[in-house]
Amino acid sequence: MSTESEATSFNVLRQQGLARWAAMAPRERQMAQAAAALLLLAVVVLVFIRPALKSMQQTPTQLREISTQVARMRAMAEEAQALRQQPPVPPVQAEAALKAATERLGAAARMSVQGDRATVEFNKVLGASLADWMAEVRVAARARPLEANLAQSEPGHYSGTVVLGLAPGQASPR
């Protein structure tokens, strides 16, 4: 029943609109048509053209960002490939390199070795020092991180533990 009453009210409104249209002077009709055309143009611009223009303006920036990310990923892949191709370091030499790198951090780092694993505890180590340590350990000792539990203890300082595998060819778990 509600659809019948809606259809009836729509027909009544439609008839009233047509009656008003017929009662308008030709100049008024032209003005109404111009207003409707401007409204339609505004809707088209707001709904279709502005979003497309915005996307076109953002695309070069997004492409530069993506290109930078791809370049970084390629560099990391090349570094990983180069590290894989390096000959393994004997465990004694790896342990010595790890010990030397850890001693450079001073009292902020302690190392313990059990078999082919080394556990290093950090206490308020600067982030840059930690990154340098990781790079040195990766290159000089060829140790692979097996487990890491680090947290920012103060702004720019980290505390926690890192477990490293010293055996040649030992892969880190994924």
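**Exposure, salt bridges and the core**

Me: Why is K124 called partly exposed?

Reply: K124 has a relative accessible area of 44%. Buried means under 20% and exposed means over 50%, so a value of 44% puts K124 in between, as partly exposed. The model discussed here is a predicted one.

Me: What makes E154 and K124 a salt bridge?

Reply: The closest N and O atoms of E154 and K124 are 3.4 Å apart. The rule asks for a Lys or Arg side-chain nitrogen within 4 Å of a carboxyl oxygen of Asp or Glu, so the pair at 3.4 Å qualifies. E154 belongs to strand β3 (residues 144-154) and K124 to strand β2, so the bridge ties together parts that are 30 residues apart in sequence. E154 is partly exposed, at 33% relative accessibility.

Me: How many salt bridges does this rule give?

Reply: The count comes to four. Among them is R138 with E79, whose closest N and O atoms are 2.6 Å apart.

Me: Why does the pair of R138 and E79 tie together parts that are apart in sequence?

Reply: R138 sits in helix α4 and E79 in helix α2, so parts 59 residues apart in sequence are tied together. R138, at 36% relative accessibility, is partly exposed. E79, with a relative accessible area of 35%, is also partly exposed.

Me: Which residue forms a salt bridge with R104?

Reply: R104 is paired with E136, and their closest N and O atoms are 1.9 Å apart. This pair links distant parts of the chain, 32 residues apart: R104 is in the loop between α3 and β1, while E136 is in helix α4.

Me: Are R104 and E136 buried, partly exposed or exposed?

Reply: R104 has 57% relative accessibility; exposed means over 50%, so R104 counts as exposed. E136 has a relative accessible area of 26% and is partly exposed.

Me: Which residues have the most contacts inside the largest nonpolar core?

Reply: They are L98, F122, W133, V137 and L164, in a core of 20 residues. The elements that give two or more residues to this core are α3 (91-103), β2 (117-126), α4 (127-141) and β4 (157-165).

Me: What does W133 touch?

Reply: Leaving out residues up to four places away in sequence, W133 touches L98, A101, T102, L105, V120, F122 and L164.

Me: What makes β1 and β2 paired strands?

Reply: Two strands pair if DSSP finds at least two bridges between them. Strand β1 (residues 109-114) and β2 have six bridges, so they pair, and the sense is antiparallel. V113 stands opposite A118 in β2, and Q114 stands opposite R117 in β2. The two strands form a hairpin with two residues between them, and G115 in the turn has a positive phi of about 65 degrees.

Me: How many bridges join β2 and β4?

Reply: β2 and β4 pair over eight bridges in the antiparallel sense. In this pairing F122 stands opposite G160 in β4.

Me: Why does V47 count as partly exposed?

Reply: V47 has 47% relative accessibility. Exposed means over 50% and buried means under 20%, so V47 is partly exposed. V47 lies in helix α2 (residues 26-85).

Conventions
Residues numbered from 1 in each chain as written. Predicted model: local features only at pLDDT ≥ 70, side-chain atom pairs only at ≥ 80, totals over all residues. Heavy atoms only, no water. Helix = DSSP H or I, 4+ residues; strand = E, 2+ residues; numbered from the N terminus. Buried < 20%, exposed > 50% of the residue type's maximum accessible area, 1.4 Å probe, protein only. Core = buried A, V, L, I, M, F, W, Y, C linked by side-chain atoms within 4.5 Å. Contact = heavy atoms within 4.5 Å.
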